[in-house]
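Here is a brief report on a single protein model. Please keep the sequence and the coordinates at hand while reading.

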Amino acid sequence: MAHFLPISSAVRVRRAVLGTLLLGVTGVTLAACSSSTPSLYSLQPSVARAGGATGYGLTSTTVPTLVEVRKPTIPETLDRDRIVLDDSGYKLDVATTDAWSAPLSAQIPHVVVADLRQRLPGTTFFVQDDATASDPQAFVELVVTRFSREGAGGPAVLDMQVVVHRADSDTARVAQSLHLTAPAATGTEALVGALSTLLGQASDQIAAALRSLPPEPSSSTP
């Protein structure tokens, strides 16, 4: 003989089953969300090498006193949320759980500015579009083409074009192609640290270029 639950009991059983299913789905969803939350990393200024930027070029009176570092040109393959681990081959190796705390196009110029302030303390540096009450005397332009590791377990690599010129003359300029490498241990944090070191080395070269600029033309009174 078949036995039937009272209607009220059947409703309670159905609600209990539905509640269990919903809790299970919610738990899976929360677990998926928590596992996809990335670890965030930021580039940091590096300490200037002893004598790295102080012995280059002309006397300090020729160095511009106010310099604008323009926002760099970076390919979209590099300027993304997730950190590019390796782009040395046909395949782009991008981190699945590690991301930049801010876009590279914003991080790189601010780190370079901080690095340059250490290397040329008598000069004021600022990033393009930052508030300033005066017009810059010189510009630093950057084009970053590589900013990652060279192969699995390889060194960190920075390929960058640098142009430094005075604001009053676009012809008197210093242009350089930089290819810099630094050892990088396994892991994203070690890679970010090595890339920060490479930006410091690039800043050594930029500081030297600023020192090598010709003196500002003196204004003559008719």
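## Asp87 and its surroundings

Beyond the residues up to four places away in sequence, Asp87 touches Leu78, Leu92, Thr145, Arg146, Ser148 and Arg149. Contact here means heavy atoms within 4.5 Å. The side chains of Asp87 and Ser148 are joined by a polar contact of 2.7 Å. Such a contact is a pair of N or O atoms within 3.5 Å; within protein, one must be able to donate a hydrogen and the other to accept it, and residues adjacent in sequence count only if both atoms are side-chain atoms.

## Basis of the model

The model is predicted: local features need pLDDT of at least 70, side-chain atom pairs count only at pLDDT 80 or more, and totals for chains, interfaces and linings use all residues. Residues are numbered from 1 along each chain as its sequence is written, and side-chain values use heavy atoms, with hydrogens and water left out.

## The β3–β4 hairpin

Asp87 sits in the loop between β3 (82–86) and β4. Strands, like helices, are DSSP runs numbered from the N terminus (strands E, at least two residues; helices H or I, at least four). β3 and β4 form a hairpin with 6 residues between them. They run antiparallel, joined by 3 bridges; pairing requires at least two DSSP bridges. Asp86 stands opposite Asp93 in β4.

Val94 belongs to strand β4 (residues 93–100). Val94 is partly exposed, at 24% relative accessible area. The classes are buried under 20%, exposed over 50% and partly exposed in between (1.4 Å probe, protein chains only). Leaving out residues up to four places away, Val94 touches Arg80, Arg82, Ile83, Val84 and Leu85. The C-alpha atoms of Val94 and Ser148 are 9.9 Å apart, with the two residues 54 apart along the chain.

## The nonpolar core

The largest nonpolar core holds 46 residues. A core is a set of buried Ala, Val, Leu, Ile, Met, Phe, Trp, Tyr and Cys residues joined through side-chain atoms within 4.5 Å. Leu43, Ile108, Leu142, Phe147, Leu158, Ile206 and Leu210 touch the most other members. Helix α3 (residues 188–212) supplies the largest share, 11 residues. In soluble globular proteins, nonpolar side chains tend to be buried together.

## An exposed loop residue

Asp129 lies in the loop between β5 (124–127) and β6 (138–149). Its phi is near 80°, a positive value in a residue other than glycine. Asp129 counts as exposed, at 62% relative accessibility.
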